[in-house]
Amino acid sequence: MICQSCGRANELGAKFCKGCGAPLASDEGTQQNNSYQPGAGYPTNMQNQYGMPQSMYAGTTRMTKEEFDQCESIKPIAKNIRASAIIAYVIGAISLVANVILGGNVFGILDVAIVVGLGLGIQFAKSRVCAVILGVYSVFNLIYMIVLTGRPGGWLIIICAVYAIMYTFKYQKAWNAYQQTGQL
Ligand SMILES: [Zn+2]
């Protein structure tokens, strides 16, 4: 399907252009012209096809978040958000092994839960709030490390939080702009 506004070729049946976000003309018109043969009558499955999309998608002019994430300009942002969440899981795993299992610090499990929980919020909800909380947590962690050991530590969490904040905000900005304009 060729996008009317930017000319990009999209998969057959796609409802929105992956390049510019414009709604693609539904296949009703083109299918009617292409595959209706006089005398042949409508195949019954085609009638079903008409009934479904019309009732379901009439008035739908915006992509869902899943569709939005697959667009060319959004994919890299979503990928970076996922990467920052994965760093959070790795930090959680390291902390679990080093502090809880090897260090015997039972309360360390709380740190693991916080970091992994915020990572999940960042990955699946692309939550800016989770990213900011992770940032605050990482600063407190840094101070705690200075008090405890005399030197700063926990750099990986800080990097992870900065990364998560940058990209969750970028994502939300793009999503808000898309909601308003219908364009990517
Ligand atoms: Zn387009």
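This is a predicted model: local features need pLDDT of at least 70, side-chain atom pairs count only at pLDDT 80 or more; totals for chains, interfaces and linings use all residues.

A: Helices here are DSSP runs of H or I with at least four residues, numbered from the N terminus. On that basis, helix 6 supplies the largest share of a nonpolar surface patch, namely 6 residues. The patch is formed by V132, V136, V139, F140, I143, V147 and F169, which together have about 650 Å² of accessible area. One of these residues, V136, is located in helix 6. Because its relative accessible area is 43%, between the limits of 20% and 50%, V136 is classed as partly exposed.

The loop between helix 5 (108-125) and helix 6 (128-149) holds S127. With a relative accessibility of 15%, S127 falls under the 20% limit and therefore counts as buried. A polar atom of the S127 side chain lies 3.0 Å from the backbone nitrogen of C130. Setting aside residues up to four places away in sequence, S127 touches G121, I122 and T168.

I122 also belongs to the largest nonpolar core, which has 25 residues; F68, I81, I122, L134, Y171 and Y178 are the members that touch the most others. Helix 4 (75-102), helix 5, helix 6 and helix 7 (155-181) each give two or more residues to this core. The greatest contribution, 8 residues, is that of helix 7. Beyond its neighbours within four places in sequence, Y171 is in contact with K65, F68, D69, I74, I77, I81 and K126.

Terms used. Residues are numbered from 1 along each chain as its sequence is written. Side-chain values use heavy atoms; hydrogens and water are left out. Buried means under 20% relative accessible area, exposed over 50%, partly exposed in between (1.4 Å probe, protein chains only). A polar contact is a pair of N or O atoms within 3.5 Å; within protein, one must be able to donate a hydrogen and the other to accept it, and residues adjacent in sequence count only if both atoms are side-chain atoms. Contact means heavy atoms within 4.5 Å. Patches are made of residues with over 30% relative accessible area and no salt bridge: like charges are joined within 9 Å, nonpolar side chains (Val, Leu, Ile, Met, Phe, Trp, Tyr) within 5 Å. Accessible areas come from the Shrake-Rupley method with a 1.4 Å probe; for residues, only the protein chains shown count as cover. A salt bridge is a side-chain nitrogen of Lys or Arg within 4 Å of a carboxyl oxygen of Asp or Glu. A nonpolar core is a set of buried Ala, Val, Leu, Ile, Met, Phe, Trp, Tyr and Cys residues joined through side-chain atoms within 4.5 Å.
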